[in-house]
Amino acid sequence: MSELKTTSLSHKDNNTGTPNITMYPDGTTSLPGTMLGGFRNLLINGDFRIWQRGTSFVAGANQQYTVDRWSMTSAATEVQQASTPTLNTGSYELILKGGATGDVGIIQGVELPTAGYAGPFQSGTTWTLSFYSNDANNTVTVGFNTSATGSGAANVITRESVTSLGNNRYSVSFTIGSEIRATDICLFVRIEKNTTDNVRFGNIQLEPGPVATPFEQRPIGTELALCQRYYWNFTNSVNGDVMYFTQYNNSGKLVNIQHPVQMRTTPTVVPVVNAGQAIYNSTGSEKNWIVVITTPSSDPAGYYLAEWTADAEL
C-alpha cells in the first residue's frame with residue numbers, strides 16, 4: 001500500500017494563492033469558502049439569536065447570565081441586544097457597556113461529558129476561537145473550571161491577544177495541555193477588554209483545528225433547543241401561558257410540566273402565580289416538574305395562568 005503525504009491540495013486552475021484543501025498535523029482539514037460539516041461550533045448561541053431572559057440587562061449579580069448561554073463579567077454595566085448588525089455578521093449582535101474600571105467581557109462555559117473528563121478537548125488538540133468585534137484589542141482567556149463563569153481557581157490554558165482576520169473578525173488558536181482537574185465541569189471562554197467604552201460582539205465560534213472557518217449558523221429551532229438544556233421560560237408578557245391541571249385535594253391542583261428538552265440537571269424552578277394562588281408543594285427532575293398550586297374557588301376549571309422559569313446553567 002502506498003501513502004501520499006502533503007500539506008495542501010489545489011485545483012489546477014486555482015490561481016488565488018489559497019489552496020482548496022489544507023491539512024494540518026493534528027488531523028484537521030480546512031476547506032475555505034465551502035459548506036463544512038455541521039456542529040463544528042461548540043459554543044451555543046454564538047450569534048445571539050436567543051434571548052429568553054430579555055434583551056437588556058443592567059449589572060446586578062456578579063457574572064450574571066444575560067443573552068442565552070452567556071454571562072457578563074463583573075466590570076460590565078449593561079448588556080443589550082443590537083438588532084441592526086454593524087460588524088458584517090448578518091445576525092444579531094451584543095453591545096456590552098463598560099464600567100469605570102476592570103475588564104469588560106462575556107463568558108460561556110462548554111459542558112464536559114462529566115466532571116474531570118475532557119471530552120473533545122483532549123490534550124494535544126488544537127482549537128480556534130473566532131468572533132466579530134468593533135474593537136481589535138480584546139483579550140481571550142480559555143481554561144477548565146468548576147463553573148461556567150471562569151471565576152475562582154481556574155485552570156487557564158491560554159490568555160492572549162487576538163489576531164485580525166479583516167472585516168472586524170478576530171481569532172486566536174490554542175492547544176490543550178493536560179490542565180483538566182477531577183472537579184472541572186466545563187471549558188470556559190472569556191472575551192474581554194479593559195475599557196469604559198461600548199464593545200460589540202457577534203458570531204462567536206469555537207472549533208477544532210488551527211484555522212477560523214466561516215461562522216456556522218444552525219437552524220433557529222436547533223439553537224433554541226440547545227439553549228433550553230440550560231434555561232427555559234414558560235411565559236406570556238400579558239397574563240401567562242395556560243397550564244392544565246388535575247385536582248390534588250380540596251384546595252390544591254397538581255400541574256405536571258414537561259421540559260421542552262431534557263435539561264442538564266434538575267433545574268431551579270421559579271414559578272410566578274396569579275393573585276390568590278400559592279405554591280403548596282413541588283418536585284422535579286431533568287425531564288419534568290410537578291407542582292401543587294392552591295387556587296381560589298373562582299379559578300376556571302381545568303387550567304390556570306402562570307409564568308415559569310427553569311434554570312440548569314453550569
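Over the ring of which residue does the charged end of R53 sit? The ring belongs to Y231, and the charged end of R53 sits 3.8 Å from its centre. A charge counts as sitting over a ring if NZ of Lys or CZ of Arg is within 6 Å of the ring centre and within 35 degrees of the ring normal. R69 has such a place too: its charged end sits over the ring of Y230, 3.8 Å from the centre.

Before going further, a word on the model and its numbering. This is a predicted model, in which local features need pLDDT of at least 70 and side-chain atom pairs count only at pLDDT 80 or more, while totals for chains, interfaces and linings use all residues. Residues are numbered from 1 along each chain as its sequence is written, and side-chain values use heavy atoms, with hydrogens and water left out.

**The chain as a whole**

The chain has one helix and 23 strands; these are DSSP runs numbered from the N terminus, with helices (H or I) of at least four residues and strands (E) of at least two. Of its 314 residues, 44% count as buried. Here buried means under 20% relative accessible area, exposed means over 50%, and partly exposed lies in between (1.4 Å probe, protein chains only). The chain exposes about 15,000 Å², and carbon and sulfur atoms supply 50% of that area. Accessible areas come from the Shrake-Rupley method with a 1.4 Å probe; for residues, only the protein chains shown count as cover. Among contacts (heavy atoms within 4.5 Å) with a separation of 6 or more, 70% come from residues 24 or more positions apart.

**A five-strand sheet**

Five strands form an open sheet in the order β5-β8-β14-β10-β11, with antiparallel pairing. Strands β5 and β11 (155-161) stand at the edges with a single partner strand each, so one side of each is left without a neighbour in the sheet. Two strands pair if DSSP finds at least two bridges between them.

Strand β8 (residues 103-111) is mostly covered, with seven of its nine residues buried. Towards β5 (residues 71-72), β8 pairs over two bridges in the antiparallel sense, and M72 has I106 in β8 as its bridge partner. Towards β14 (residues 186-194), β8 pairs over nine bridges, again antiparallel; there E111 has C186 as its bridge partner. Further along, six bridges join β10 to β11, and V140 stands opposite E160 in β11.

**Salt bridges**

Side chains of opposite charge can pair when their charged atoms come close. A search of the whole structure finds 14 salt bridges, each a side-chain nitrogen of Lys or Arg within 4 Å of a carboxyl oxygen of Asp or Glu. The table lists some of them.

| Pair | N to O distance |
|---|---|
| D47 and R49 | 2.8 Å |
| K193 and D135 | 2.4 Å |
| E223 and R218 | 2.9 Å |

The K193 and D135 salt bridge links distant parts of the chain: K193 is in strand β14 and D135 is in the loop between β9 (126-133) and β10 (139-145), 58 residues apart. Both K193 and D135 are buried, and both D47 and R49 are buried. E223 counts as buried at 3% relative accessibility, and R218 is buried with a relative accessible area of 6%. Salt bridges that share partners also join D103, R159, R190 and E192 into one network.

**Aromatic rings**

The structure holds four aromatic pairs. The rings of F121 and W127 have centres 4.6 Å apart and planes at 45°, so this pair is tilted. Rings of Phe, Tyr and Trp (its six-membered ring) pair if their centres lie within 6.5 Å; planes under 30 degrees apart count as stacked, over 60 as edge-to-face and the rest as tilted. F121 is buried at a relative accessible area of 1%, and W127 is buried at 4%. Ring pairs also link F131, Y170 and F201 into a cluster.

**Around S171**

Where does S171 lie? S171 is in strand β13 (residues 169-175), and it counts as buried at 9% relative accessibility. The C-alpha atoms of S171 and S130 are separated by 4.1 Å, although these residues are 41 residues apart along the chain. Leaving aside residues up to four places away in sequence, S171 touches T128, L129, S130, V162, T163, L165 and A212.
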